Amino acid sequence: MSTQPQAKVVTLEKLTELQRNPSCIRNCCILAHVDHGKTTLADSLIASNGIISKRLAGTLRYMDSREDEQQRGITMKASSITLKYSNATREHLINLIDSPGHVDFSSEVSTAVRLCDGAVVIVDVVEGVCPQTHAVLRQIWQGKITPLLVINKMDRLITELNLTPQDAYYRLSKLLEEVNCITAGMNQSDVLTAMEQEEEHKTNYELEDQDENEDIVYDTTAIDDDDESEKAKIYFAPENNNVIFASAIDGWAFTIETFAKFFASKLGFKVESLKKTLWGNYYVNYKQRKIFNNAWKKGKKPLFVQLILENIWSVYESASSKNKEQMTKICNSLGVKLSLRDTQYKDPRPALVSVMSQWLPISDTVLSAVCQIVPPPNSLSDDRVLSLFTTDNKTYENWPEATKRLKESFTKCSASSNEPVIVYVSKMVPYDRKELPENRKIQMSSDEMAIKREEVIRKMNEVNLENEHVADCAETLNSKTESTPEPSVQFEDNCGSTEFVAFARIFSGTLRKGQEIFVLGPKHDPSSASQAELENYVRDSQNEGGIETTGLGVHALRVTIDNVYVLMGRELELVDAVPAGNILGISGLSKCIVKSATVSSTLLCPAFTALNESSLGIIRVAVNTPKSSDLGSLIKALKLLNQADTNVQVLLQETGEHVLLTAGELHLERCLKDLEEFAQVPIIASDPIVPYRETIILPPKLDRANERIVNSKKADIYAQVSEPLFSLKFSAKPLPVSIVQLLLENSVALKNLDRLLRQELELGDLIPEAKSELELFIDKFKTTLEEEGSFWGKFKDKIWSLGPNRVGANVLINLCNNYDRPSIFDLAQGNASFDWLRECDSSISHGFQLATASGPLAEEPLIGVAVFVHEWNVHSSEQHLQANKEVHDADSVNHESNSGAGSSVSCFTAMSGKLISSSRETIRKAIQCQPCRLMEAMYKCDITVSSEKLGAVYAVLNRRRGLIIQEDMTDDLTAYHIEASLPVEESFGFVSEMRLKTSGRAYPQLIFSHWAVIQEDPSWVPTTEEEKTLYGDVADTENFALKSVTKIRKRKGLSTHFKVVESAEKQRTLSKKK
């Protein structure tokens, strides 16, 4: 199609030469929604280095090395390749990472963002901003990297939508505004947080200092200038050259700078003037040779329409009409050549692609913009360096001076041997050992083979042929060895053929083959001791045969690097060393790194913050093998899968089952396929297990027959243990929806709150961001309680515990008259002492945790339940204490007798277990006295479909209990954007059915959204005459909630009321035929 000469393949020597200069290195990833053109763009960029043919760009999908990736046509794992780009001034080395766009593999996007300094965000101009576009923009913002926007599939505006250039310009403007609105929202939230911290800082000033500063006048012009420079970094603007208009499938792309240079000499304007006016409401007056504003008001075409879009539209129209004369004129004016072969095709597309790819080559445009916009590794921003140095407990300011000095190594990005080696491993990638470069067979030339042959003949002549006895013995030994292979060797070959290569980036120093280095654990604390003490400590610990995790706070392991590689997509290239600023592969770390880690030559380096996981594991499946003898292979394969996949979780249930926790159906299919390849034995997988939750609701006012229910309120539950040592009284009510939502959305703050309550750290140990987030949550929680009314507002200072696991969306509230217990918020903030707590206070909390962890319906966790403790009386008479002591002595063989106060403590200790079990059962009964309901997990489903297939989408959603939330038409009035809610239980096979029913025109994107209450009562039976009339005496109609409860209980081995056989004996007939 293109007449351009094939690009020369870049040699490994040239790449290693460019790696030594960090100022010419660019680390960039490609991010987008699924099917927006990431891999097609990556093919075009790879073709510029001669790795693949330009004719195959867009169809080969070079970065998709897996078989299932090629079959499905989507990317499932992030892979990197090293490219070379040369412009007019210098040569650049670009480490390009292609990442998945499907929501099930969003963890791969996190691994790519952590290693890169910039990101190319691709948006389909027709589909617009999609859910995953929001997600990648948020990850870019959190990772503090520089984005570059590519508006792809511009050809669809011409060939599919048939838009005019002016309509296309309007659509592009609106799309750009929509993307900038997303970044503006994220920027505004950060600004508001910074303002709140600044206000809090100001309140700590003394009044005298405020009086002294009253006369200070601030220069607002300087602030405005800073804001303008910040806007250039935050927002996408074509005049800033950070927006690319492209058609990756047709091989062309351009920026405003491209046409500014093209028209500068022809129109007689300066390049800088055209860069500022080619995008926007500007038009040119050719008579006055000036550019004016307000083109729309004066009925003029904007420059972008007149000079850019109309020219592109004319090329497409000429190619589609097969006007050879017009195409020849266009080629001559553009200075491109059209080969005879391209004009002989019946399809006009080869000629079109040939002209456009020569006129506006996509590889030059994108790589040039990447080199211009993305900063080099030696220009890391302070915000990004500080974010890497900030852990859960400490900020950069809290580290020792020796650790702070490592910031200079980051910013310099020096490869000197005097600089410490600092590497971050984002994931572990499995490779077959045969595919590694050191194990690859080397093909020799004819000259090399001749030399090798002569050497073998010479060695054979030197052998003493007279010793026939030795030769016979050797022959016999070889024949025995070949005839009796050991089965254990074959087993190791099956399960041990996988080698993990670390996918990493080096921030400082030079990593060499055979170098000794430390793998730092997430709890590593470099502030505990000096470098020499730490090194000796780890060395002594390893000599004893283990990793020391106590004492000086060392969580590190000394390892030796086997090999280092340059990542080239599907292949690896072996090198001796990789300097700072590059993305590389490392072998030899598979035994000490599970998913991600920090690697350094100095123990003064802190462990970097963990990756942000944006997808939640929601689907479980139990795996097993047909033969019990293959269980060992399955366990080894599960370990390999846990190491190879960044988002999968491998669990071992109490029943002994091995369970995989995955993000979605597609992720589950990939994990099962990988597991079978790792195990090399057949794998049996159970049906997907979808999690459920349980809750309680307010007593309904109407029954199933729409009749009013009288006396539906139930009383509180009183319970007393058999031994009169204590008495308990509980009640349960449903929490308000706003409180439940607040608890579910602040899981990080709840975890920090739990750590403070368990006294693992103090409030001052939290980093400022975590501390402010916790304080904001506490204030918002109390405010929300007050907004729910006086009934809930009076409980804001009586919160005893949260559950389950102390971080759930259930609340334990203290209403005991004889126990004025402080709230958990007062204990966490240091406003109350833990000494105020009564003996066995934690036993009530533990019973609450157990009760909320397994509900009464199907032993599923509870959500949205408020449990009130009305009474907790401890009867501490001497008779009761003596009786409890005798029971305790009978149960304990080595019990030592105590007297006085010690006897009381011993009795309360023995009573703790009884208190836990009693409180659990009592809370469970209190919950059962309220209407119990089952909750199911729900997906948020986004679908864009044409109007003629809208009915098919509705039919599929209705068949799977989907609920339409919102329906909007797109701007071109040719398609609908549907937002729906779909149960996770009904999502299996949903995507394939949707694509089948809509002829592939709809691709739904499923993201976990919330938990929804199933309104049906699983224990409902007809009671009133009206209900019996409508549903019968036994209610033969299907109860979906009861069906789900029965299914869960049956899977867990719990008792059910389902009768398998009515009568085991065959019934007699009334009459016999003789």
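How much accessible surface does the protein chain have, and what share of that surface belongs to carbon and sulfur atoms? In this predicted model, the accessible surface of the protein chain comes to about 54,600 Å², of which 50% belongs to carbon and sulfur atoms. The chain holds 37 helices and 33 strands, and 48% of its 1074 residues are buried. Of the contacts between residues at least 6 apart in sequence, 75% join residues at least 24 apart.

Strand β20 (residues 619-624) is joined to β23 by two bridges, and Val-623 has Ala-685 of β23 as its bridge partner.

| Ring pair | Centre distance | Angle between planes |
|---|---|---|
| Trp-279 and Phe-304 | 4.9 Å | 80° |
| Phe-777 and Phe-825 | 6.4 Å | 85° |

Phe-777 in helix α28 (residues 768-787) and Phe-825 in helix α30 (residues 824-828) are 48 residues apart, so that the pair links distant parts of the chain; both Phe-777 and Phe-825 are buried. Trp-279 and Phe-304 are likewise buried, and they belong to a cluster linked by ring pairs, whose members include Tyr-169, Trp-252 and Trp-359.

Charged side chains also meet rings: Arg-114 lies over the face of Tyr-424, at 4.9 Å from the ring centre, while Lys-427 lies over the face of Phe-503, at 5.3 Å from the ring centre.

Key
Residues numbered from 1 in each chain as written. Predicted model: local features only at pLDDT ≥ 70, side-chain atom pairs only at ≥ 80, totals over all residues. Heavy atoms only, no water. Helix = DSSP H or I, 4+ residues; strand = E, 2+ residues; numbered from the N terminus. Buried < 20%, exposed > 50% of the residue type's maximum accessible area, 1.4 Å probe, protein only. Contact = heavy atoms within 4.5 Å. Areas by Shrake-Rupley, 256 points an atom, 1.4 Å probe, with all protein chains shown as cover. Pairing = 2+ DSSP bridges. Phe/Tyr/Trp six-rings, centres within 6.5 Å; stacked < 30°, edge-to-face > 60°. Lys NZ or Arg CZ within 6 Å of the ring centre and 35° of its normal.
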